[in-house]
Amino acid sequence: MKKFLLGFSSFLLALPIVLPLQTYAISESQKSVISRYCGTIKQSLKTLQRTDINSRVKLGSKYETALTKFITPLNLRIVKNNLSVSKLAELQTTFANYKTNFASDFTTYSKLLEELIGIDCQEDPTTFYLKLSETREARENVNKDVNKLNETLHEYQKIVTKMGKEYEK
Amino acid sequence: MKSKGGRNLIILGIGAIIIACITTSVSLLIYHDSGDIYLDRSRPGFLPEKEEIEEEPQEEYAFPDDGTLNKENINEFIENFQEVIDSIDKIEDPFSSKPLSDSNLGIPAE
């Protein structure tokens with residue numbers, strides 16, 4: 001029993017070392033290209049960093065406007081008029097949560113991108129590529145957050161439009 | 001300095017510098033860890049270009065949270081809310097996977 005436990009715990013400890021290498025294996029040709037064109041790759045990443053900040057600030061400001069100047073006041077007004085607001089209130093909470101996730105995921109992604117740009121890809125293309133894979137995943141999370149936020153806004157708009165048609169009857 | 005007053009002045013000066021260094025370090029740590037540094041467009045190299053600067057409208061519309069609800073004010077909401085949604089949808093595929101893909105960075109496939 002002791003031997004089994006020892007063997008199993010050794011296997012569990014070895015997993016974190018083995019798995020990442022299998023997931024992010026890099027070929028010699030990739031290493032060579034990354035090393036040779038390190039400067040150009042880094043310049044693309046710096047341009048992307050700048051574009052991303054621009055997008056983040058624009059989107060963040062629009063989402064903030066949507067929440068504070070539209071969704072919240074409309075929901076409040078509906079409540080003050082003694083009308084049912086359950087679905088709209090649910091969407092407001094969902095939107096606020098997605099907005100928080102967006103801010104947090106963007107910070108994680110930006111940190112990784114900055115660390116990626118800081119790696120000397122000419123000397124260490126393997127570490128660079130590993131970090132690039134991590135950064136890609138983080139960017140995908142931000143993209144998912146944006147899609148969820150936009151879907152929620154469209155859903156909110158649909159429900160309010162339907163409500164507006166009720167008033168036209 | 002031989003006088004007590006002069007020595008105290010030096011201690012005060014050094015103490016003030018140390019406190020300033022500590023508070024500045026703490027501020028920078030918070031600035032970095034909170035993620036605000038990644039939103040700061042006043043950093044060198046991140047200043048917006050002339051063409052990137054959009055003129056913000058003088059008064060931004062806000063739906064009032066008081067008053068009755070009728071066809072007119074709901075339509076007013078829908079119209080203005082649609083403008084916000086349209087401005088968000090105009091931003092093409094934000095944070096897509098393409099910019100960091102191997103092909104875009106010139107890295108060959110395995």
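Lys144(A) and Glu140(A) are both part of helix H5 of chain A, where four residues, about one turn of the helix, separate them. In this predicted model, their side chains meet in a salt bridge, with an N to O distance of 3.6 Å. Lys144(A) counts as partly exposed at 42% relative accessibility, and Glu140(A) also counts as partly exposed, at 44%. Elsewhere, Lys80(A), Asp65(B) and Asp66(B) are joined into one network by salt bridges that share partners. Over all chains, the structure holds ten salt bridges.

Another of these pairs lies in helix H2 of chain A, which spans residues 28-36. Here Glu28(A) forms a salt bridge with Lys31(A), and the closest N and O atoms are 3.3 Å apart. Because Glu28(A) and Lys31(A) are three residues apart in this helix, about one helical turn separates them. Glu28(A) has a relative accessible area of 58% and is therefore exposed, whereas Lys31(A), with 25%, is partly exposed.

A further salt bridge links two helices. Lys87(A) pairs with Glu155(A), the closest N and O atoms being 3.5 Å apart. Lys87(A) belongs to helix H4 of chain A and Glu155(A) to helix H5 of chain A, so this pair ties together parts that are 68 residues apart in sequence. Lys87(A) counts as partly exposed, at 36% relative accessibility. Glu155(A) is likewise partly exposed, with a relative accessible area of 32%.

Chain B may now be considered by itself. Its secondary structure consists of three helices and zero strands, and along the sequence the pattern is α-α-α. Of the 110 residues in chain B, 25% are buried. The accessible surface of the chain comes to about 8,100 Å², and carbon and sulfur atoms account for 58% of that area.

The surface of chain B carries a nonpolar patch formed by Ile10(B), Ile14(B), Ile18(B), Ile22(B), Val26(B) and Ile30(B). Together these residues have about 550 Å² of accessible area. Val26(B) is found in helix H1 of chain B, which covers residues 4-33. With a relative accessible area of 43%, Val26(B) is partly exposed; a residue needs over 30% relative accessible area to belong to a patch.

Where on the surface does negative charge gather? Such a patch is made up of Glu76(B), Glu79(B), Glu83(B), Asp86(B) and Asp89(B). Asp86(B) is placed in helix H2 of chain B, residues 71-89. At 39% relative accessibility, Asp86(B) counts as partly exposed.

The loop between H2 and helix H3 (102-105) of chain B contains Asp93(B). Although Asp93(B) is not a glycine, it has a positive phi of about 40°. Phe95(B) also lies in the loop between H2 and H3 of chain B, and it has a positive phi of about 55° although it is not a glycine. Are these two residues buried or exposed? Asp93(B) is exposed, because its relative accessible area is 54% and the limit for that class is over 50%. Phe95(B), by contrast, has a relative accessible area of 3%, which falls in the buried class because that class is defined as under 20%.

Technical notes
Residues numbered from 1 in each chain as written. Chains lettered and ligands numbered in written order. Predicted model: local features only at pLDDT ≥ 70, side-chain atom pairs only at ≥ 80, totals over all residues. Heavy atoms only, no water. Patch = residues over 30% accessible without salt bridge, like charges linked within 9 Å, V, L, I, M, F, W, Y side chains within 5 Å. Areas by Shrake-Rupley, 256 points an atom, 1.4 Å probe, with all protein chains shown as cover. Salt bridge = Lys/Arg side-chain N within 4 Å of Asp/Glu carboxyl O. Lys, Arg positive; Asp, Glu negative; His and termini not counted. Charge placed at Lys NZ, Arg CZ, Asp CG, Glu CD. Buried < 20%, exposed > 50% of the residue type's maximum accessible area, 1.4 Å probe, protein only.
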